[in-house]
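Thanks for sending this one over. Here are my notes, point by point, for you to read alongside the coordinates.

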Amino acid sequence: MIPPFDYFEHRRACKQKQLQRSTRIANLPSEYYGLVSTQDRHILDKPIEELVQDVQKNLIRPIDILRSYGKVALKAHAKTNCLTEIMINPGAEQWIEHVNLKGPLAGIPISLKDTITVGGFDTSTGYSRYTGQPHLQDGTIVKILKDAGAIPYVKTNIPITLLSFESTNDVWGRTTNPHNSNYSAGGSTGGESALLAFGGGRIGIGSDVAGSVRVPAHFAGIYSLRCSTGRWPKMGMNTSMPGQEGVPSVFSPMARTLPDLIYFTKSMIGMKPWEYDHSVHPIPWRDDIFHSFKDQKTLRIGVMESDGVVPPTPACLRALQTVTSSLSSTHTIIPLSPPSPTYALSLAASLLNADGARTFRSFFRTGETSDPGAAQLSFYMSLPLPIRYLHYLWTKYIRQDPLWADLLWEIKERSVCEQWKLVAKREAYRAEWHRWWRDEAGDVDVILTVPNATPAVPHGGMREAVASCGYTFLFNL
């Protein structure tokens, strides 16, 4: 249907998906309701490695693990609106009959970011136009998980553009922070962080292009690992910006505890994902390297306190300084000034938005709500050049904010020729980082910095905090 008449189609699709979700929840077996029992608590408190061992020894049934976590997941959803597709029944209760009991994730429920494709379910990515189109087969990540013995059981909420640290869209609504409902659980993998922080799961999978697993973990108080490009599969998913490779996005694990994060990551790599997906590098899990760092008594830790764009808020800076102070008694702390993070933020933002925000906007229907930060940048890029220049002058000389003025001025639609030049600049910047790390960084083992300039933001806060992502965006560039 053509605009503006597709507005009615949009509203109808949103109502249908929300009704479908509530119906699936209401139709679940009675075991998913009621109080958390002693048996549930016994399951919920166990690390996934121990749960796998218990399943393989026939001490715990996979169905009991699913129902314990499913019960708490529903409570998490009632509090935070974190779930999108409920894949328990039909879905997980049937898949569990064929679980690989010898797999490294035997019987473990896994939550997934809404963008990940599961056969029989939609991958709406928060857009109403993608609803009512269930996929015929599982995507790559889900195939690996099932082969490893895991049980995908729910998908979780996201921002519609995947470009915000708030997770809200018209299809599924707004996800709130489990610790304080007035604040965001992060984005773009905010539904995952809310679910895991509440206790409705132990491990899940998100994706990250500018901090989308790290910032939600920071906002909600869990663990995440932004994997290196080519380490995890990237096929079998949907996105708001297909074809965008200026700043690569990577799928990555999230977990409630650090041991679970390690075990989950090791298990996924142990499944040889390069045999499922051409984009994955054939590099096995290297225990010797892992233990060489784990067993190292003294590390050389570089600390970056500010990215030079948005200084950390007092709470975030205090946390960084507290950690640094605690580590200083046994490790060597080295203050770092890496190659300009300010330039990196400008370059990364230019690469990510080189299409002038046309791609993610092309999936909107009339009346569909965008997220505040993306809407602000999209509006700015759509302004005629003379008006943009006047705004640039006003920001630089009247507001006296030359840094923000210069950052905004560089974010605009680019020609193919200009895009290639940006990619060349990206490679030159990476080479400069490599040289700096080798010659000037003091042979550090790790860099420590804040996950974001701010703690969890109040709802709508990304309208003002859109530039706070430099601490994570830097390491995707």
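1. Is Trp95 buried, partly exposed or exposed? Trp95 is partly exposed, with a relative accessible area of 21%. Please keep in mind throughout that this is a predicted model. The ring of Trp95 pairs edge-to-face with that of Phe121, at 6.3 Å centre to centre and 80° between the planes. Trp95 belongs to helix α5 (residues 88–95) and Phe121 to the loop between β2 and α6, so the pair ties together parts that are 26 residues apart in sequence. Phe121, for its part, is buried at 5% relative accessible area.

2. Staying in that part of the chain, have a look at Thr123, which sits in the loop between β2 (109–113) and α6 (140–147). Thr123 counts as buried because its relative accessible area is 1%, and the cut-off for that class is under 20%. Once neighbours within four places in sequence are set aside, the contacts of Thr123 include Asp114, Tyr130, His135, Lys155 and Asn238.

3. Now for the nonpolar interior. In general, nonpolar side chains of soluble globular proteins tend to be buried together. Here the largest nonpolar core has 61 residues, and Tyr127, Val247, Phe360, Tyr429, Phe473 and Leu477 are those with the most contacts inside it. Among the elements that each supply at least two residues of this core are α8 (214–220), β11 (300–303), α11 (314–327) and α17 (416–439). The largest share, seven residues, is supplied by α12.

4. Beyond its neighbours within four places in sequence, Phe473 is in contact with Val209, Ala210, Val247, Leu345, Ala348, Ala349 and Leu352. A second, separate core holds 58 residues, including Val52, Val72, Ile205 and Leu261.

5. On to the aromatic rings: there are 16 aromatic pairs in the structure. One of them is Tyr7 with Phe8, edge-to-face at 5.5 Å centre to centre and 75° between the planes. Tyr7 is partly exposed at 35% relative accessibility, while Phe8 is exposed with a relative accessible area of 55%. Elsewhere, Tyr127, Tyr130, Phe363 and Phe364 form one aromatic cluster.

6. The start of the chain deserves a look too. Met1, Ile2, Phe5, Tyr7 and Phe8 make a nonpolar surface patch of about 590 Å². Met1 lies in the segment before α1 (6–26) and counts as exposed, at 62% relative accessibility. Pro4 is in the segment before α1 as well, and the peptide bond that joins Pro3 and Pro4 is cis, with omega about 0°.

7. A few backbone details may interest you. Most residues other than glycine have a negative phi, and most peptide bonds are trans. The bond from Gly187 to Ser188 is cis, with omega near 5°, and Ser188 is in the loop between β7 (180–184) and α7 (190–198). Asn81 has a positive phi of about 55°; Asn81 is placed in the loop between α4 (62–80) and β1 (83–86) and is buried, at 17% relative accessible area. Lys272 also has a positive phi, near 55°. Lys272 lies in the loop between α9 (258–270) and α10 (287–294) and is partly exposed, at 42%.

8. Which residue meets Arg365 in a salt bridge? The partner is Glu9, at 3.5 Å from N to O. Arg365 lies in the loop between α13 (358–361) and α14 and Glu9 in helix α1, so this pair ties together parts that are 356 residues apart in sequence. Arg365 is buried at 13% relative accessibility, whereas Glu9 is partly exposed at 24%.

9. Some other salt bridges, out of a count of 24. Lys266 pairs with Asp287, their closest N and O atoms being 3.6 Å apart; Lys266 is in helix α9 and Asp287 in helix α10, 21 residues apart. Glu427 and Arg430 meet at 2.9 Å, N to O, and both lie in helix α17, three residues apart, or about one turn of the helix. Lastly, salt bridges with shared partners join Lys17, Arg24, Glu85 and Asp122 into one network.

Terms used
Residues are numbered from 1 along each chain as its sequence is written. This is a predicted model: local features need pLDDT of at least 70, side-chain atom pairs count only at pLDDT 80 or more; totals for chains, interfaces and linings use all residues. Side-chain values use heavy atoms; hydrogens and water are left out. Helices (H or I, at least four residues) and strands (E, at least two) are DSSP runs, numbered from the N terminus. Buried means under 20% relative accessible area, exposed over 50%, partly exposed in between (1.4 Å probe, protein chains only). Contact means heavy atoms within 4.5 Å. Patches are made of residues with over 30% relative accessible area and no salt bridge: like charges are joined within 9 Å, nonpolar side chains (Val, Leu, Ile, Met, Phe, Trp, Tyr) within 5 Å. Accessible areas come from the Shrake-Rupley method with a 1.4 Å probe; for residues, only the protein chains shown count as cover. A salt bridge is a side-chain nitrogen of Lys or Arg within 4 Å of a carboxyl oxygen of Asp or Glu. A nonpolar core is a set of buried Ala, Val, Leu, Ile, Met, Phe, Trp, Tyr and Cys residues joined through side-chain atoms within 4.5 Å. Rings of Phe, Tyr and Trp (its six-membered ring) pair if their centres lie within 6.5 Å; planes under 30 degrees apart count as stacked, over 60 as edge-to-face and the rest as tilted.
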